[in-house]
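Subject: Structure handover

Hello,

Here is the structure for you to look through. Please open it first, then read my notes below.

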Protein chains: 2
Amino acid sequence: MLNIKETQQLVNAELKKINFTTEPLALYAPIEYTLAQGGKRIRPVLCLMAAQLFGHAPQKVIYPALGLEIFHNFTLLHDDIMDNAEVRRNNPTVHKKWDTNTAILSGDAMMIKAHQFICNCEDSKLPKVITLFNEVALGVCEGQQYDMEFETRKDVSVEDYIKMISLKTAILLAGSLKMGAILANASEEEADLIYQFGMNIGLAFQLQDDYLDTFGNQDTFGKKIGGDIIANKKTFLLLTALKKAEKEDKRNLINWITVEHDNHNLKIEEVKKIYQKLAVDTDSKNKMNEYYEKAIQCLGEIKGNESVKKELKNFASQLMQRIN
Amino acid sequence: MLNIKETQQLVNAELKKINFTTEPLALYAPIEYTLAQGGKRIRPVLCLMAAQLFGHAPQKVIYPALGLEIFHNFTLLHDDIMDNAEVRRNNPTVHKKWDTNTAILSGDAMMIKAHQFICNCEDSKLPKVITLFNEVALGVCEGQQYDMEFETRKDVSVEDYIKMISLKTAILLAGSLKMGAILANASEEEADLIYQFGMNIGLAFQLQDDYLDTFGNQDTFGKKIGGDIIANKKTFLLLTALKKAEKEDKRNLINWITVEHDNHNLKIEEVKKIYQKLAVDTDSKNKMNEYYEKAIQCLGEIKGNESVKKELKNFASQLMQRIN
């Protein structure tokens with residue numbers, strides 16, 4: 001068995017072997033550039049761990065796993081155009097380094113490349129693999145659409161938010177695990193359990209990420225604290241606070257998010273105070289734990305290789321450790 | 001057997017049955033909008049004709065055929081962003097009616113939808129169908145990339161141009177025919193012959209389109225004559241003229257395409273005169289005929305249903321009739 005770290009090394013080694021830079025260079029060079037930026041390779045790693053969980057050597061299903069990484073990086077490439085992001089992983093984004101047309105078209109080619117890699121599996125697995133992948137890929141687009149809409153919509157509920165992050169983030173983690181399970185001949189029931197493990201871990205992780213954006217420690221979180229508050233981002237914290245707040249708290253909170261405020265630090269401090277008064281920080285932690293426990297429970301119900309299960313459990317717990 | 005017109009009616013009827021407009025609306029409404037604009041549905045029609053050529057009822061393979069139309073419309077949607085086109089089929093383009101982000105993301109979803117339809121075929125056909133489709137789809141992206149690059153490149157040869165149009169236009173026609181053949185259990189050899197028929201017809205058609213842009217009749221061509229000359233578009237005519245021209249002709253031609261000229265009609269007339277003097281209009285017609293003859297020859301070598309062959313031959317000849 002390869003552990004998480006060894007699996008990650010395998011993914012990076014195999015990715016390095018592939019030459020994406022063929023003619024026309026302007027179409028394919030951005031693909032190589034994007035994939036060379038690194039990252040944790042979580043999606044292919046999860047796919048390969050799931051394959052191992054059901055007794056398959058990771059090397060045997062490396063191409064679909066790489067396809068998931070290529071697809072994920074395609075979504076980043078197109079999202080960066082839509083968000084007008086200038087930097088990704090300390091390097092200029094593709095539409096800044098090249099231009100928007102190149103980023104659109106290279107992204108399109110990258111999505112087709114992802115399909116080619118995903119489909120590089122045994123013929124007998126192809127129908128299930130491709131059905132799963134197309135469903136997941138469409139879900140990711142829907143998640144991105146909801147995320148963009150939420151910026152201007154005024155009627156977003158906590159449930160809407162959970163649905164959005166389940167599509168934008170969690171579904172691809174869940175789908176990566178399920179793909180590994182399908183490729184390793186797991187039963188439908190077990191493939192669904194590992195999918196649910198991924199979905200719940202994904203939700204817990206995204207809630208944690210939002211929590212840390214407000215209540216985290218700048219040194220360990222890695223980016224500036226309070227960004228979501230400044231941007232009035234409709235996170236679990238804000239949406240729950242808007243639902244729970246009454247009278248003066250509600251008036252204050254609405255004032256902070258609707259009126260332009262120059263003093264960013266003051267805004268962060270005051271909104272945080274309201275969150276704490278309303279205990280939405282605790283609500284968020286409770287919700288995270290709920291998803292985390294659900295994930296661990298699903299994993300426990302799977303009759304797979306126990307060492308791999310332990311490895312996946314450690315991985316989940318490490319993902320959730322940043323909070324304490 | 002359904003003839004071309006009946007096949008086109010089938011495609012339109014089946015396309016109408018599908019409800020693309022699900023939640024989130026802003027993601028899926030542009031897909032419905034794009035597909036409702038009409039068009040000749042050439043790609044699915046060719047796919048279904050090829051299926052009939054090898055004895056398959058078109059209704060049995062309607063979904064992959066519709067997938068080809070969805071894919072083609074996806075390429076138009078993203079191309080319109082890249083070309084900053086405002087109008088398509090007399091209606092505002094998606095990025096004008098909505099916005100660029102919507103057009104990028106809806107296009108992505110549309111490409112995934114295309115994959116879903118393409119993969120809606122018998123499991124036994126899936127490996128060949130999906131391999132063909134991904135190859136063709138990547139080719140179309142390469143064609144669009146070359147087309148964009150040619151605008152600024154100064155070293156484009158006639159061969160480069162033929163390669164570009166083979167990817168941008170002809171490969172999807174060829175691939176649509178081959179897909180129908182594969183779905184109808186044609187032999188590898190016959191699937192390749194119908195592919196070559198499509199490739200050659202596609203090349204002949206694109207050459208004709210470029211010819212008519214300069215030498216056509218405005219009433220029958222449907223758009224303003226001389227657009228390519230005004231835009232200095234590197235077509236077969238211009239590239240061949242640049243290759244053949246000597247001394248004064250060469251100096252004049254280079255002057256027309258490198259110096260800004262306000263009198264568009266004069267530029268069109270003078271460049272046309274140079275083309276005619278160099279006989280590149282005849283070269284273009286000869287090249288078209290060469291491809292057309294090659295296409296008919298490939299079709300003749302196929303041992304398929306004779307009525308369908310006749311129908312495909314009529315279709316090819318109608319495509320090429322606008323010139324006389």
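One definition comes first: a residue is buried under 20% relative accessible area, exposed over 50%, and partly exposed in between, using a 1.4 Å probe and the protein chains only. By that rule, A:Glu269 is partly exposed, because its relative accessibility is 41%. A:Glu269 sits in helix H14 (residues 264-277) of chain A. Helices (H or I, at least four residues) and strands (E, at least two) are DSSP runs, numbered from the N terminus. A:Glu269 and A:Met320 are 51 residues apart in sequence, and their C-alpha atoms are 25 Å apart in space.

Some ground rules. This is a predicted model, where local features need pLDDT of at least 70 and side-chain atom pairs count only at pLDDT 80 or more, while totals for chains, interfaces and linings use all residues. Residues are numbered from 1 along each chain as its sequence is written, chains are lettered from A and ligands numbered from 1 in the order in which they are written, and side-chain values use heavy atoms, without hydrogens and water.

Chain A as a whole

Chain A has 16 helices and two strands. Its C-alpha atoms fill a box of roughly 60 × 50 × 35 Å along the principal axes. The radius of gyration is taken over C-alpha atoms, and the globule rule is 2.2 Å times the number of residues to the power 0.38. For 324 residues a compact globule would come near 20 Å; chain A has 21 Å, which agrees.

Of the 324 residues in chain A, 60% are buried. A contact means heavy atoms within 4.5 Å. Take the contacts in chain A between residues at least 6 apart in sequence: 73% join residues at least 24 apart.

Helix H3 of chain A

How many residues of H3(A) are buried? The count is 12 of the 12, so H3(A) is largely enclosed by the rest of the structure. Among them are A:Ile42, A:Arg43, A:Pro44 and A:Gln52. They pack against helices H1 (4-17), H4 (62-82), H8 (158-183), H9 (188-215) and H16 (306-319) of chain A.

H3(A) covers residues 42-53 and reaches 16 Å from its first C-alpha to its last, close to the 16 Å expected. The expected span is 1.5 Å times one less than the number of residues. Just after H3(A), A:Gly55 takes a positive phi of about 85°.

Helix H2 of chain B

In helix H2 (residues 25-35) of chain B, the buried residues include B:Leu27, B:Tyr28 and B:Pro30. Their cover includes helix H7 (126-150) of chain A, and also helix H4 (62-82) and helix H6 (100-118) of chain B.

Backbone points to check

Most residues other than glycine have a negative phi, and most peptide bonds are trans. Here are some exceptions.

- The bond from A:Glu23 to A:Pro24 is cis, with omega near -10°. A:Pro24 is in the loop between H1 and helix H2 (25-35) of chain A.
- The bond from B:Glu23 to B:Pro24 is cis, with omega near -10°. B:Pro24 lies in the loop between helix H1 (4-17) and H2 of chain B.
- B:Arg41 has a positive phi near 55°. B:Arg41 lies in the loop between H2 and helix H3 (42-53) of chain B, and is buried, with a relative accessible area of 5%.
- B:Arg89 has a positive phi of about 50°. B:Arg89 is in the loop between strand E1 (87-88) and E2 of chain B, and is partly exposed at 32%.

Best wishes
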